[in-house]
Amino acid sequence: MNDREPQALAPPPGLSLVSGESLQAVFRPDLDEKLCFRDSCVALTSRRLHWQSASGAWTSVALSPTLRLEQHEHAGLGELRLMDGERSVARFFHTLAVGQQAADFADAFEAQQGNPRHRPPPPQDTPGDAEPSSTGKFPLLRILAFTRPHLGKVLIGLILTLAST
């Protein structure tokens, strides 16, 4: 029987840890500051938060009680913003392709800071469903619910469309 234990994270290339510092989480944003596709790396350790700049150099900031990580998503673009009080320290942009990893990294950061976040689990479809629950089986019938106040005009438009063909 194979017992699965969580693997220890290996530090990203070029990142050096001090004695007693352990790697807690790694996030790999896929967009740069100009929102162009570029892989980079953000690493959370037991003492600091490290990130890789566009040149490949590592920058770090010591963890403190005033440090927080804000997570935002809008129209397929995600952002993790590192804040120290009201001052923005760094911003990491990503697409939805790595959105779950960003959320996991934010959770690890909050847990490291002593503020664990509780996210609800994503909705899951039952195994017997042929379609995802959000689509429904008769989408045209749902459209009728929206058109009910204007049903007379819709029927006249349908009749005129059919008559013109």
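Author: Start with one term. Two strands pair if DSSP finds at least two bridges between them. Keep that in mind as we read this predicted model.

Reader: Which elements does the protein have, and how do they run from the N terminus?

Author: The order is β-β-β-β-β-β-β-α-α-α. That comes to 7 strands and 3 helices.

Reader: How do strands of a sheet pair?

Author: Strands pair through backbone hydrogen bonds, in a parallel or an antiparallel way. Now take the case of S5 and S6. Strand S6 spans residues 77-84, and its pairing with S5 is antiparallel, over 8 bridges. Leucine 67 has aspartate 84 of S6 opposite.

Reader: Which strands make up the open sheet, and in what order?

Author: There are 3 strands, ordered S5-S6-S7, and the pairing is antiparallel.

Reader: Why is one side of S5 and of S7 left without a neighbour in the sheet?

Author: Strand S5 (67-74) and strand S7 (87-95) stand at the edges, and each has a single partner strand, so one side of each lacks a neighbour in the sheet. Neighbouring strands here are turned against each other too: 20 degrees on average, with direction ignored.

Reader: What packs on the sheet?

Author: Helix H1, residues 99-113, does. H1 touches S5, S6 and S7. The direction of H1 makes about 160 degrees with that of S5.

Reader: Let us turn to S2. Which strands pair with S2?

Author: Look at S1 and S3. Strand S1 (residues 23-27) pairs with S2 in the antiparallel sense, over 4 bridges. Strand S3 (residues 48-52) also runs antiparallel to S2, joined by 3 bridges.

Reader: How many residues lie between S2 and S3 in their hairpin?

Author: The hairpin has 2 residues between them.

Reader: Which way do the residues of S2 point, and are they buried or exposed?

Author: S2 covers residues 42-45. Val42 and Leu44 point one way. Ala43 and Thr45 point the other way. All of them are buried, under 20% relative accessible area.

Reader: How much of the whole protein is buried?

Author: Of its 165 residues, 27% count as buried. The protein exposes about 11700 Å², and carbon and sulfur atoms supply 59% of that area.

Reader: What share of contacts joins residues 24 or more positions apart?

Author: The share is 37%, taken over contacts in the protein with a separation of 6 or more.

How values were computed. Residues are numbered from 1 along each chain as its sequence is written. This is a predicted model: local features need pLDDT of at least 70, side-chain atom pairs count only at pLDDT 80 or more; totals for chains, interfaces and linings use all residues. Side-chain values use heavy atoms; hydrogens and water are left out. Buried means under 20% relative accessible area, exposed over 50%, partly exposed in between (1.4 Å probe, protein chains only). Contact means heavy atoms within 4.5 Å. Accessible areas come from the Shrake-Rupley method with a 1.4 Å probe; for residues, only the protein chains shown count as cover. Axes are lines fitted to C-alpha atoms, for helices over the stretch in contact, and angles run from 0 to 180 degrees between N-to-C directions.
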